[in-house]
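Here is a short report for a first look at this protein. Keep the sequence and the model in view while reading.

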Amino acid sequence: MKGTTLLVVEILTNICLLLFAGVVLMYGGYIISAQQMATTDAALGIPMGVIYSAIPISGIFTLSYAVYNCFLAFDDFKKGKSGGQEAKSVV
């Protein structure tokens, strides 16, 4: 894929990722971690909500990565790059 088609596919993919990260990870993770604050872990002696708080935190990282990918897609489109695997890598 090239040009506008590639940009549209990348943006739609990142919008789906944004929705998932926002609704499932951040909102759902917050709800479940808040519910589990009253439950104490038997082995560690800390609230289970502290352990479950990793879910909304990972949602924040996923959300920021998806926004970053959108900016990269627009930048590559402006510069006329084809995208694909040879594009910039975060890792």
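## Overall fold

The protein has three helices and zero strands. Helices (H or I, at least four residues) and strands (E, at least two) are DSSP runs, numbered from the N terminus. Along the sequence the pattern reads α-α-α.

The model is predicted: local features need pLDDT of at least 70, side-chain atom pairs count only at pLDDT 80 or more, and totals for chains, interfaces and linings use all residues. Residues are numbered from 1 along each chain as its sequence is written, and side-chain values use heavy atoms, with hydrogens and water left out.

Of the 91 residues, 22% count as buried. Buried means under 20% relative accessible area, exposed means over 50%, and partly exposed lies in between (1.4 Å probe, protein chains only). The protein exposes about 6,300 Å², and carbon and sulfur atoms supply 70% of that area. Accessible areas come from the Shrake-Rupley method with a 1.4 Å probe; for residues, only the protein chains shown count as cover.

Contacts mean heavy atoms within 4.5 Å. Among contacts between residues at least 6 apart in sequence, 56% join residues at least 24 apart.

## Helix 1 and Leu25

Leu25 sits in helix 1. Leu25 is buried because its relative accessible area is 16%. Leaving out residues up to four places away in sequence, Leu25 touches Phe20, Tyr30, Ile55, Pro56, Ser58, Gly59 and Thr62. Leu25 and Ile60 are 35 residues apart in sequence, yet their C-alpha atoms are 8.2 Å apart in space.

## The loop between helix 1 and helix 2

Ile46 lies in the loop between helix 1 (3–35) and helix 2 (48–52). Asp41 is in the loop between helix 1 and helix 2 too. The side chain of Asp41 reaches the backbone nitrogen of Leu44 at 3.1 Å. That is a polar contact: a pair of N or O atoms within 3.5 Å, where within protein one must be able to donate a hydrogen and the other to accept it, and residues adjacent in sequence count only if both atoms are side-chain atoms. Asp41 also touches Ile46, Met48 and Ile51, not counting residues up to four places away in sequence.

Met37, Leu44, Ile46, Val50 and Ile51 make a nonpolar surface patch of about 410 Å². Patches are made of residues with over 30% relative accessible area and no salt bridge; like charges are joined within 9 Å, nonpolar side chains (Val, Leu, Ile, Met, Phe, Trp, Tyr) within 5 Å.

## Helix 3

Helix 3 covers residues 54–79. At 1.5 Å a residue, its 26 residues should span 38 Å, and its end C-alpha atoms are 37 Å apart, which agrees. The expected span is 1.5 Å times one less than the number of residues.

Pro56, Gly59, Ala66, Asn69, Cys70, Leu72, Ala73 and Asp76 are buried in helix 3. Their cover includes helix 1 and helix 2. Just after helix 3, Gly80 takes a positive phi of about 80°.

How many salt bridges does the structure hold? It holds one. A salt bridge is a side-chain nitrogen of Lys or Arg within 4 Å of a carboxyl oxygen of Asp or Glu. Lys79 pairs with Asp75, the closest N and O atoms being 3.3 Å apart. Both lie in helix 3, four residues apart, about one turn of the helix.

## Accessibility at a glance

| Residue | Relative accessible area | Class |
|---|---|---|
| Leu25 | 16% | buried |
| Asp75 | 24% | partly exposed |
| Ile46 | 31% | partly exposed |
| Lys79 | 52% | exposed |
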